[in-house]
Amino acid sequence: MKNLFLLFTTLILIFTGCDNIDEVTDNEINFNEYFNGINGCAVFYNSENGKYTYYNKDMCYKEFSPWSTFKIVSAGAALENNIISSADDKMLYNGTNYPFESWNNDLTLKEAYKESCVWYFRQLIDKTGAEIIQKTLNQLNYGNKDISQWEGTGERKPSDLNGFWLGSSLKISPINQIDVLKSVFTDKVCFSSKTISVLKDIMAAENPYDIHLYGKTGTGYNQAWFVGFFEQNSSVEYFAVFLDNDTGKTVAGADAKEIAINLINKHFKNN
């Protein structure tokens with residue numbers, strides 16, 4: 001009798017359209033034309049219907065160095081623990097001649113985020129400390145959560161251009177990047193509304209279309225990221241685009257960002 005009741009209930013749901021099967025089915029789409037021969041992947045997640053869209057799905061589950069995309073979480077951890085209090089908090093320039101002219105100045109958090117200034121975030125992460133960083137990674141289930149190489153590989157000069165998040169011990173997959181962003185901005189796992197407000201301020205990303213876009217690029221060793229989210233109507237769409245070019249052509253975060261913006265405009269934005 002119980003089995004008959006369950007069968008009857010299921011049939012009602014199907015014939016009344018209440019099962020929503022189509023709304024939550026994941027998609028795999030060939031976005032090869034947007035990647036211009038560069039090896040890479042993309043994953044999008046719609047917060048309203050719980051649907052994932054993948055390009056090169058297997059690669060979306062492989063772990064890579066987060067590079068400068070880690071600035072989102074490290075800034076959040078510093079803000080949440082009162083190491084800094086706003087987007088205008090400054091770190092003082094130490095006089096070193098860095099490879100980018102924009103880094104050779106005192107910088108605010110917002111400026112350092114925009115310029116992806118490594119020395120600023122090296123100072124910020126050191127001030128925040130390993131205990132807080134590890135706790136934050138555990139709370140967010142961030143990749144392999146491995147900060148064992150705190151000082152990084154030491155390959156770059158000067159030494160403050162190295163860190164565990166820069167081609168070193170910490171790794172994360174594109175799909176996990178989305179999980180982390182969702183935990184921060186939708187589920188509010190470990191950051192307050194004040195912290196989230198500052199993060200959104202510094203993450204606001206310029207684009208040629210009418211898109212409320214937030215994100216961070218990352219570049220290193222012929223790898224590149226652009227991760228973030230955009231808002232439309234009542235939904236938030238999270239995304240991660242990753243490039244791992246094995247053709248010898250240099251790739252950068254700007255390339256990943258361009259691919260992501262084109263995908264959003266053509267396939268994910270409500271027109």
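Which residues lie nearest the centre of the largest pocket, and how many residues line the pocket?

Tutor: This is a predicted model, in which local features need pLDDT of at least 70, side-chain atom pairs count only at pLDDT 80 or more, and totals for chains, interfaces and linings use all residues. Residues are numbered from 1 along each chain as its sequence is written, and side-chain values use heavy atoms, with hydrogens and water left out.

The lining of the largest pocket comprises 31 residues, and Y113, K114, S116, K216 and T217 lie nearest its centre. On a 1 Å grid over the protein atoms alone, a pocket is an open set of points where a 1.4 Å probe fits, with protein on both sides within 12 Å along at least five of seven lines; lining residues have an atom within 4 Å of a point. The space in this pocket is about 790 Å³, a volume being that filled by probe spheres set on the points, which are joined across faces, edges and corners. The largest contribution to the lining comes from β6, with six residues. Helices (H or I, at least four residues) and strands (E, at least two) are DSSP runs, numbered from the N terminus.

T69 sits in the loop between α4 (57-60) and α5 (71-80). T69 counts as buried because its relative accessibility is 2%; buried means under 20% relative accessible area, with a 1.4 Å probe and protein chains only. The T69 side chain also reaches the backbone oxygen of P66, at 2.6 Å.

Note on methods: Buried means under 20% relative accessible area, exposed over 50%, partly exposed in between (1.4 Å probe, protein chains only). A polar contact is a pair of N or O atoms within 3.5 Å; within protein, one must be able to donate a hydrogen and the other to accept it, and residues adjacent in sequence count only if both atoms are side-chain atoms.
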